[in-house]
Amino acid sequence: PNHLVLDNTIRSVVIQPNQTTSYKAQNQWIKGKVKLRKFDPESGKQVPGATYAIYNNQGKELERLVTTATGYVESGYLRFGQYVVKEVIAASDYVLNDTVYPVTISSNEQRIEVTGHDVRQRGRIEMTKEDSVTGGTAQGEATLEGAVYELRARENIMDPSKDGTVIHQKDSVVATLTTDKEGKASVDDLYLGQYFLVEKASSNGYT
């Protein structure tokens, strides 16, 4: 049968007069493994700490796997049949990837590689410049537009792949923001971590 491993061993039996000789044949199930690879599409680096689950075609969870420092992890043996693999817990600093990967074990000792990627979590900072007395309204000929701020790293901002790479050194300038007519400024696509803002140039009419 196609779900079992062919046993082509030749075996001997002895036929005795007026007796029935019986022989019991046993075959092993076809079995294989799933090998998971998780990587960061932005840097191409392997990502540890992502948790995947393997389900049978009835939706029952069979096994959970966590990617290692190499970005790889291998399942135990799975019998002949169809399964689905999906991420259930994202690695730290990454967004959960809800892609479902169908896999089919059809030959003995088969290794099926599933490659997934997670998008890095990003942050955004929005700031508003105000008059200390009137709030969002500038006084007289003054303006809230044109104030310049530097966004700096309060700590080393690390690569989320956990390989020890420093993206921004502590106290380094990450971005420069200039307020608009409403006294607002923002910056997107920031790696997770601690930052601070320092004013480098005030707008007209202000210290």
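Start by selecting Arg64 and Glu61, whose side chains meet in a salt bridge, N to O, at 2.8 Å. The model on screen is a predicted one. Colour the two residues by accessibility: Arg64 is partly exposed, with a relative accessible area of 46%, and Glu61 is partly exposed as well, at 34%. This pair belongs to a structure that holds 18 salt bridges.

Next, select Arg120 and Asp159. These two form a salt bridge, and their closest N and O atoms are 3.4 Å apart. Arg120 lies in the loop between strand S8 (110–117) and strand S9 (123–128), while Asp159 lies in the loop between strand S11 (157–158) and strand S12 (166–168), so the pair ties together parts that are 39 residues apart in sequence. Are Arg120 and Asp159 buried or exposed? Both are buried, which means that each has under 20% relative accessible area.

For the last stop, select Asp188 and Arg124. They form a salt bridge in which the closest N and O atoms are 2.4 Å apart. Which parts of the chain does the pair link? Asp188 is in strand S14 (residues 184–190) and Arg124 is in strand S9, so the pair links distant parts of the chain, 64 residues apart.

Notes: Residues are numbered from 1 along each chain as its sequence is written. This is a predicted model: local features need pLDDT of at least 70, side-chain atom pairs count only at pLDDT 80 or more; totals for chains, interfaces and linings use all residues. Side-chain values use heavy atoms; hydrogens and water are left out. A salt bridge is a side-chain nitrogen of Lys or Arg within 4 Å of a carboxyl oxygen of Asp or Glu. Buried means under 20% relative accessible area, exposed over 50%, partly exposed in between (1.4 Å probe, protein chains only). Helices (H or I, at least four residues) and strands (E, at least two) are DSSP runs, numbered from the N terminus.
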